[in-house]
Amino acid sequence: MSGPFAPGRRVRVKALYPPGHTRTPWYTRGREGVILDLVDVEPDPEERAYGRPGLPAVPVWRVVFAQHELWPDYAGPAGDRVVVGIFEPWLEPVEERS
């Protein structure tokens, strides 16, 4: 698998705060993580919440975040991580750092 969304790619969760139903945890918005793998391709839950079919279906990616990326004052071990399933429309690729 290749492209902007593939295992090992850095991504940022879009910092959007739309009204209504979303499946993207607020604490991940605007934060950077790394894609672990593809979970599934599912109907868009934000469309389904309003009675629409949610098609076309969208990929759901498992993204790993460092705890300190999500909570800057996190006092636990530096290696602690959180894994979150995030629908692809909420993700944007991050330019690789040199």
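Visitor: How many salt bridges does the structure hold?
Guide: The structure holds five salt bridges, a salt bridge being a side-chain nitrogen of Lys or Arg within 4 Å of a carboxyl oxygen of Asp or Glu. This is a predicted model, where local features need pLDDT of at least 70 and side-chain atom pairs count only at pLDDT 80 or more, while totals for chains, interfaces and linings use all residues. Residues are numbered from 1 along each chain as its sequence is written, and side-chain values use heavy atoms, with hydrogens and water left out.

Visitor: Which residues are linked in a network of salt bridges?
Guide: Arg-10, Arg-12, Glu-32 and Glu-92 are linked in such a network.

Visitor: Take Glu-32 and Arg-10. How far apart are the closest N and O atoms?
Guide: They are 3.0 Å apart in that salt bridge. The pair links distant parts of the chain, with Glu-32 in strand β2 and Arg-10 in strand β1, 22 residues apart. Strands here are DSSP runs (E, at least two residues) and helices are runs of H or I with at least four, both numbered from the N terminus.

Visitor: Is Glu-32 buried or exposed?
Guide: Glu-32 counts as buried because its relative accessibility is 12%. Buried means under 20% relative accessible area, exposed over 50%, and partly exposed in between, with a 1.4 Å probe and protein chains only. Arg-10, at 24%, counts as partly exposed.

Visitor: And which residue does Arg-12 pair with?
Guide: Arg-12 forms a salt bridge with Glu-32, the closest N and O atoms being 2.9 Å apart. That pair also joins β1 to β2, across 20 residues of sequence. Arg-12 has 26% relative accessibility, so this residue counts as partly exposed.

Visitor: Where does Glu-92 come in?
Guide: Glu-92 lies in strand β5 (residues 91–93), 80 residues from Arg-12 in β1. The two form a salt bridge with the closest N and O atoms 3.5 Å apart. Glu-92 is partly exposed, at 28%.

Visitor: New topic, the core. Which residues touch the most other members?
Guide: In the largest nonpolar core, which has 13 residues, they are Val-63, Phe-65, Ile-86 and Leu-91. A nonpolar core is a set of buried Ala, Val, Leu, Ile, Met, Phe, Trp, Tyr and Cys residues joined through side-chain atoms within 4.5 Å.

Visitor: Which strands each supply at least two residues of this core?
Guide: β1 (10–13), β3 (58–66) and β4 (81–87) each do.

Visitor: What does Leu-91 touch?
Guide: Leaving out residues up to four places away in sequence, Leu-91 touches Phe-5, Val-11, Arg-12, Val-13, Lys-14, Trp-61, Val-63 and Ile-86. Contact means heavy atoms within 4.5 Å.

Visitor: Back to β3. How many of its residues are buried?
Guide: Eight of the nine residues in β3 are buried.

Visitor: What does β3 pair with?
Guide: Strand β2 (residues 32–42) runs antiparallel to β3, joined by seven bridges. β4 also pairs with β3 in the antiparallel sense, over seven bridges. Two strands pair if DSSP finds at least two bridges between them.

Visitor: Which residue in β3 is the bridge partner of Ile-35?
Guide: Val-63 is the partner of Ile-35. On the β4 side, Phe-65 stands opposite Val-82.

Visitor: Val-82 again: what else is Gln-67 in contact with?
Guide: Beyond its neighbours within four places in sequence, Gln-67 contacts Tyr-74, Asp-80 and Arg-81 as well as Val-82. Gln-67 is in helix α2 (residues 67–70) and counts as buried at 13% relative accessibility.

Visitor: How many aromatic pairs are there?
Guide: There are two aromatic pairs. Rings of Phe, Tyr and Trp (its six-membered ring) pair if their centres lie within 6.5 Å; planes under 30 degrees apart count as stacked, over 60 as edge-to-face and the rest as tilted.

Visitor: Why is the pair of Trp-26 and Tyr-27 edge-to-face?
Guide: Because their planes are at 90°, with the ring centres 5.9 Å apart. Trp-26 counts as exposed at 62%, whereas Tyr-27 is partly exposed at 24%. Trp-26, Tyr-27 and Trp-71 form one aromatic cluster.

Visitor: Last one. Where is Gly-54?
Guide: Gly-54 sits in the loop between α1 (45–48) and β3. This glycine is buried, with a relative accessible area of 3%. Outside the four places on either side in sequence, Gly-54 touches Pro-43, Asp-44, Glu-47 and Arg-48.
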